[in-house]
Amino acid sequence: NVFLPRIPKVSILVTGDELLPPGSIPQGCQIVDSNSLMLAALARRDGGEPDVAGIVPDRRDAVREALLMADGDLVLVSGGSSVGREDHAPAVLADEGELLVHGVALRPASPTGFGILRGRPVFLLPGNPVSCLCAYDLFAGLALRRMVGRPASLPYVRGRYPLGAKVASALGRVDYVRVRLEEG
């Protein structure tokens, strides 16, 4: 375990040309960024001090600059981690640091990645909000909780309840299934 003598700073970068700042009114194919707010709240919950950068355009040079300027003890990049033409985060991390993992057998959140840049852990999280939440909870949040000496387990209420319907999963993949508790 690596325990920091202070609250760790968590750099949060969100990428996407389609994104608008929270509170904006979207038009056409634009969407309002919700991941920066969610990740900041989760980082606070898990013992970190979030530092949210502005929205990073889907350009390799912009992603590179933002990643190199991130000075948190832990860096979160939301979006740009898949395999599309505008998904530059994995290549930039590989070029500037070390990309250790890219792609996990998890639904949702399969384009999650992890690497090291200048001695700092960098988590590449999907842009889809539900996928981003899953990847944060299972990977980045776990790392942050360990950094501050908190239990590694998910900080949610746990219980065993019967399912109302069958949950199918592909062999070799973990499904992070959202459920709703009904009638107590």
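This is a predicted model: local features need pLDDT of at least 70, side-chain atom pairs count only at pLDDT 80 or more; totals for chains, interfaces and linings use all residues.
Local features here need pLDDT of at least 70, and side-chain atom pairs count only at pLDDT 80 or more, while totals for chains, interfaces and linings use all residues. Residues are numbered from 1 along each chain as its sequence is written, and side-chain values use heavy atoms, with hydrogens and water left out.

View 1. Strand S1 covers residues 9–15; strands are DSSP runs of E with at least two residues, helices are runs of H or I with at least four, and both are numbered from the N terminus. Six of the seven residues of S1 are buried, meaning under 20% relative accessible area with a 1.4 Å probe and protein chains only. S1 runs parallel to strand S4 (residues 49–56), joined by six bridges, and Lys9 stands opposite Glu49 in S4. Five bridges also link S1 in the parallel sense to strand S5 (residues 74–78), where Val77 faces Leu13. Two strands pair if DSSP finds at least two bridges between them.

**View 2. Meet Asp175.** Asp175 lies in strand S10 (residues 174–175). It counts as buried because its relative accessibility is 18%. Its side chain makes polar contacts with the side chains of Arg107 (2.8 Å) and Arg173 (3.4 Å). Such a contact is a pair of N or O atoms within 3.5 Å; within protein, one must be able to donate a hydrogen and the other to accept it, and residues adjacent in sequence count only if both atoms are side-chain atoms.

**View 3. The largest pocket.** About 990 Å³ of space lies in this pocket, a volume being the space filled by probe spheres set on grid points joined across faces, edges and corners. A pocket is an open set of points on a 1 Å grid over the protein atoms alone, with protein on both sides within 12 Å along at least five of seven lines; lining residues have an atom within 4 Å of a point. Of its 24 lining residues, Val157, Gly159, Tyr161, Val177 and Val179 lie nearest the centre.

**View 4. The largest cavity.** A cavity is a set of grid points where a 1.4 Å probe fits but cannot get out. The structure holds one cavity of 30 Å³ or more, and the largest cavity has about 50 Å³ of space. Its lining consists of Leu67, Leu68, Ala70, Val75, Leu117, Arg118, Arg120 and Val122. Helix H2 (60–69) and strand S9 (120–125) each supply at least two of the lining residues.

Notes
Buried means under 20% relative accessible area, exposed over 50%, partly exposed in between (1.4 Å probe, protein chains only).
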